[in-house]
Every structure is written in C-alpha cells, then in structure tokens.
Amino acid sequence: MSEADPAPVLAVRDLRVDFVTRRGALHALDGVSFEIARGEVLGVVGESGAGKSVTGLAIIGLIDAPGRVTAGSIALSGQRIDNLAPEAMRRIRGKRIGMIFQDPLTSLNPLYRVGDQLIETIRTHLDLSERAARKRAIDLLAEVGISAPEKRIDAYPHEFSGGMRQRVVIALAICAEPELIIADEPTTALDVSVQAQIISLIKRLGRDHGTAVMLVTHDMGVIAETSDRVAVMYSGRIAEIGPVRDVVQRPLHPYAKGLMGAIPTLAGDAKRLVQIPGAMPRLSAIPNGCAFHPRCEFAFDRCRSQRPEPRPHGTRLVACHLYDAAESAA
Ligand code: SF4
C-alpha cells in the first residue's frame, strides 16, 4: 500500500455483512478494513468459511439474500460503491472491476464463441466499433498468452483446455481496463503446472496496467508467489495484514503462524507441515472473545471474553491480545 496515495483503488472500512435468519443475524463479516493501491496485489487467505469470498462478493455487490452489507463502506478510487443502485453497480462490474472466478465456465457462456463474448463485453463498456473491438479482443488474447489468437477467437469455450479457458476469462476481466480485479481461487481448478503460469500472468497484468488485484485463495503458496501484501482472515475478521514477506516469514498471529506452517517447502521439510487442530467455527457458533481461542495454544483468560481489535505492530496490523502490550513499543 502506498501511504502517500490519498485515494487507494479500493478502500474497505469496517465492513459488516449479515445473513438474517429466523434465529437472528449471523455475522459473515464483522469490522473488515483494508486498502489496495494501484498496481498492488493483496492476497486474502484463510480456511473455507473465513469470509474471503464474501468480502469479494460484497465489493462487487453480488451478495445473495438473505445476506447483505449492514455496516461500513466500500470505496473505489474514492467513490462509495456499497450504496449504489443495482443498475449502477452492474455498470461498474466488468468496466471498473474485473472478475476471475475458480471455474472459468462461471464467466464464459458455452454457447458463444469466445470472441463474441469478448467483443460484446468490450463494446458494452468501451465506445468501439465492431471491427475495433475484434482487433482489441485479438490483442487481449495474445496478451494473455493464447497462440494464434486471430484463429482461436472464433473457437467455443469447450475447445480450450482449462488453463487456456482461464486465460480467456482473464482477457475478459481486463478488456475494459478495470481499476480493480477480484480473482477468487483463480488457479484452484487447474493443474499444478498451469497454476504457476496463471499466477505469473495475473501478477504481470497488475503491474503492466497499474490494476489493483485482490487475490482470494486458501493457498498460502499462491499468496507467497503473487502478492505484495497479505490479509489473513478468520471467522469474518482480519487476523493479520501486512507485507507478504513479513507475514509469510515471521507471522505474528497464532492462526497466521499455523497457516504459514502449512506451506509445503520444496525441500519437503516435514516440520513445516503443521496442522492447526480443530476447525473454523460455523457462523451460528462464533465463540465470544477471540474467535480463534478454542484452537489457540496461547489463549489466556482475556481471549475468552474480549475480542481483539487489529492494532499496528511494526509494518502490519495484528488482532491478538498477545500483541496489545507491544503496540506502543512497535
Ligand atoms: Fe490466541 Fe488470544 Fe491471540 Fe486469540 S487473542 S489468537 S486466543 S492469544
């Protein structure tokens, strides 16, 4: 994050998302704050149910009922977007915010040639003739690494491999030069050999186009390869956020330590394959105090009654009572 930049591409402040049920509101997100600067990749990591994907869906205004944003704000380049009418939000999606999901077929219509989909999206958002949009589509396919793009543009999605389909989705996501790309588990469905190529492509595009990227994944290895900063989420809150090198090499929050321990090393160092005992709590059963306390080997009395708030510690923010006293010294 560039602290000198007065308007980050994305600014999320105290975001809360509730799912209203007969037994009351369940907090899927509760007090989530972060920023992403131009050209920066923020990795958002955590186990399933941590709130990573809900954060992405809240930003693009696609949380399904009974879920809804109940507090906080989301600003894109200084403009609030969490309170826009559905039609205004639809215009922002695809134009100012590009999206890449785990399954490329979520974004691609199997019945249309990929070129038609690219051209339609380009012309929806940019004032270009059919011919100019086709030229732009071919250039984009070349940019994301599809060979012979002038021929492949007329192929259908099923004629591409999984990795190539995800490249087409990336071309779709960037075709209107968005300010922000949200990529939710973009490599999870792909072969390991293809994953690295897609990761380096997303990273390069962010750099080349100055796009801010929010990369949601459960895979710390992907974060370590791609991101400038990382936010570790647990039970709908950010446990730790900071520069990727610091958080990966010297995690502070006990949950982050557990996650980093779960990154396999090339040398196959078994000591690093640490498992965190227990499981992420269900939304209906989030413990009082620190939600991580039933799984935390460092838990003490205060952890069971008082919720830790994110506090500065050196280059990062950490929500853990172990660091409350160190805050002023950091
Ligand atoms: Fe563990 Fe307490 Fe820190 Fe939570 S606040 S992570 S329970 S030490």
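Modeller: Helix α11 (residues 254-261) is mostly covered: seven of its eight residues are buried, meaning under 20% relative accessible area with a 1.4 Å probe, protein chains only. The model is predicted, so local features need pLDDT of at least 70 and side-chain atom pairs pLDDT 80 or more, while totals for chains, interfaces and linings use all residues. Residues are numbered from 1 along each chain as its sequence is written, and side-chain values use heavy atoms, leaving out hydrogens and water. Helices (H or I, at least four residues) and strands (E, at least two) are DSSP runs, numbered from the N terminus.

The buried residues of α11 are Pro 254, Tyr 255, Ala 256, Gly 258, Leu 259, Met 260 and Gly 261. They pack against α9 (220-226) and α10 (244-249), and against strands β3 (41-45), β9 (229-234) and β10 (237-243). Contact here means heavy atoms within 4.5 Å.

Two strands pair if DSSP finds at least two bridges between them. Strand β7 (residues 180-184) runs parallel to β6, joined by four bridges. Within that pair, Gly 98 stands opposite Ile 181 of β7.

Axes are lines fitted to C-alpha atoms, for helices over the stretch in contact; angles run from 0 to 180 degrees between N-to-C directions.

Elsewhere, helix α4 (residues 114-125) meets helix α5 (residues 130-143). Their axes come within 9 Å and cross at roughly 115°. The crossing is right-handed: the near helix is turned clockwise from the far one by less than a right angle. On α4, the contact uses Leu 118, Ile 119, Ile 122 and Arg 123; on α5, residues including Ala 133, Ala 137, Leu 140 and Leu 141. By class, this contact has seven nonpolar, no polar and four charged residues. Nonpolar covers Ala, Val, Leu, Ile, Met, Phe, Trp, Tyr, Cys and Pro; charged covers Asp, Glu, Lys and Arg; the others, Gly among them, are polar.

Methods:
Buried means under 20% relative accessible area, exposed over 50%, partly exposed in between (1.4 Å probe, protein chains only).
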